Amino acid sequence: RAAEMSAASLDGASLLFCDLKDIQADEASLNGAILRDSVLDGADLRSAQLRSATFRRGSAVGASFRYSDLRGATFVRTNLSRATFRGADLEGADFTLARGTTPSTFDMARGHFKAPDPAASQVKAGCAALPAFGASYPGCDLRARSWDGVNLEQASLDGADASRASLVLAKLSHASLLRASLAEADLRGASLNSARLDDADLTKADLVGAELTEASLRRADFRMSQLGAAKVGFVQAEEADFSDAVAEKALFEGAAAPRAQFARARLAESQFNGARLVGASFAKADLVGASFKDAAVEGVDFTGALMDVATDFTGAIGVDKVAAWPAGYSPPLG
């Protein structure tokens with residue numbers, strides 16, 4: 001039987017990896033909610049309040065958003081095949097990276113919104129130009145390319161699919177890789193300093209020894225990636241996901257990573273000195289020998305994390321307001 005959430009109030013909720021297939025959520029209030037990796041196939045969201053809601057990497061096949069308020073909402077890599085937005089208010093909504101849409105998806109919808117980018121549904125083939133400084137590959141199919149050591153500094157690869165590509169020691173500093181896929185790519189020793197990787201997919205990528213200093217990683221997906229000894233200092237990584245990553249001895253000094261996810265990550269001897277981690281999660285992470293000197297840790301979830309006497313919180317800000325410490329762990333004083 002489908003779940004019943006009609007008229008429910010869930011403003012600001014985080015619904016991660018949820019199975020909400022065929023859910024009845026008509027007239028529900030989900031303003032500002034985050035729905036990540038969740039299934040909404042066949043869901044009834046008629047007349048729901050979804051202002052500034054974020055739908056990421058999920059599926060809403062055949063879902064009904066009729067007459068819903070979706071002003072400012074964002075759909076990223078969400079499958080909207082056979083979904084309908086008839087009569088919905090879509091003012092300021094962003095469907096640039098939505099998938100499976102057709103012109104009829106938005107029949108009779110109201111408001112000015114960003115329409116889906118065809119490159120999001122079907123990556124363009126070709127793009128055979130040789131790699132070079134400042135080259136342009138927007139939306140290109142670069143899967144499994146062998147580009148070890150190439151110079152792609154200041155290149156544009158927004159929306160490109162470079163999954164499983166070999167980019168060992170590649171130079172990608174100041175490159176733009178917004179919404180690009182680098183899943184399972186080999187980026188060992190690559191230079192991505194000051195690169196723009198917002199909303200990029202780097203799941204299972206190998207970034208051992210890579211340099212990402214001052215890169216923009218907002219909402220980027222590093223789940224199950226390899227980041228051992230990587231330099232990730234002074235990055236902008238709000239809501240980035242490093243869950244299950246292997247990142248021993250990685251350097252995250254000065255990183256701005258509020259609400260980032262490091263759940264179950266292997267972070268032994270990593271450094272977060274001076275990082276801003278407010279609201280982040282390190283649940284069940286390996287933090288043996290990790291350093292959080294002068295870091296802002298208010299609201300951080302350390303539930304089940306593995307720590308030892310070498311885990312250092314000297315000068316950390318907000319230790320008295322941490323959301324949760326591991327059972328049996330003695331929080332640092334002052």
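Predicted model: local features only at pLDDT ≥ 70, side-chain atom pairs only at ≥ 80, totals over all residues.

Residues are numbered from 1 along each chain as its sequence is written, and side-chain values use heavy atoms, with hydrogens and water left out.

**The cores**

Let us begin on the inside. In soluble globular proteins, nonpolar side chains tend to be buried together. A nonpolar core here is a set of buried Ala, Val, Leu, Ile, Met, Phe, Trp, Tyr and Cys residues joined through side-chain atoms within 4.5 Å. Buried means under 20% relative accessible area, exposed means over 50%, and partly exposed lies in between (1.4 Å probe, protein chains only).

The largest nonpolar core has 72 residues, and Leu217, Phe282, Phe292 and Phe302 touch the most other members. Another core, of 31 residues, lies apart from it, with Leu15, Ala53, Ala88 and Phe95 among them.

**The cavities**

On a 1 Å grid over the protein atoms alone, a cavity is a set of points where a 1.4 Å probe fits but cannot get out, and lining residues have an atom within 4 Å of a point. Grid points are joined across faces, edges and corners, and a volume is the space filled by probe spheres set on the points. The model has 2 cavities of 30 Å³ or more.

The largest cavity has a volume of about 60 Å³. Among the residues lining it are Leu142, Arg145, Trp147, Ala162 and Leu182. By class, this lining has 10 nonpolar, no polar and 1 charged residues. For these classes, Ala, Val, Leu, Ile, Met, Phe, Trp, Tyr, Cys and Pro count as nonpolar, Asp, Glu, Lys and Arg as charged, and the others, Gly among them, as polar.

The second largest cavity has a volume of about 40 Å³. Its lining includes Met5, Leu15, Ile23 and Leu45, and by class it has 9 nonpolar, no polar and no charged residues.

**Some single residues**

Here is how accessible four residues are.

| Residue | Relative accessibility | Class |
|---|---|---|
| Glu184 | 47% | partly exposed |
| Ser166 | 18% | buried |
| Asp22 | 36% | partly exposed |
| Asp244 | 32% | partly exposed |

Ser166 sits in the segment after H1. Helices (H or I, at least four residues) and strands (E, at least two) are DSSP runs, numbered from the N terminus. The Ser166 side chain makes a polar contact with the side chain of Asp148 at 2.5 Å. Such a contact is a pair of N or O atoms within 3.5 Å; within protein, one must be able to donate a hydrogen and the other to accept it, and residues adjacent in sequence count only if both atoms are side-chain atoms.

Glu184 lies in the segment after helix H1 (118-121). Not counting residues up to four places away in sequence, Glu184 touches Arg164, Thr203, Lys204 and Ala205.

Asp22 belongs to the loop between strand S1 (14-16) and strand S2 (34-36). Although Asp22 is not a glycine, it has a positive phi of about 60°. Asp244, in the segment after H1, also has a positive phi, near 65°, and is a residue other than glycine.

Note on methods. Contact = heavy atoms within 4.5 Å. 1 Å grid on protein atoms, 1.4 Å probe; cavity = no way out; pocket = protein on both sides within 12 Å on 5 of 7 lines; lining within 4 Å.
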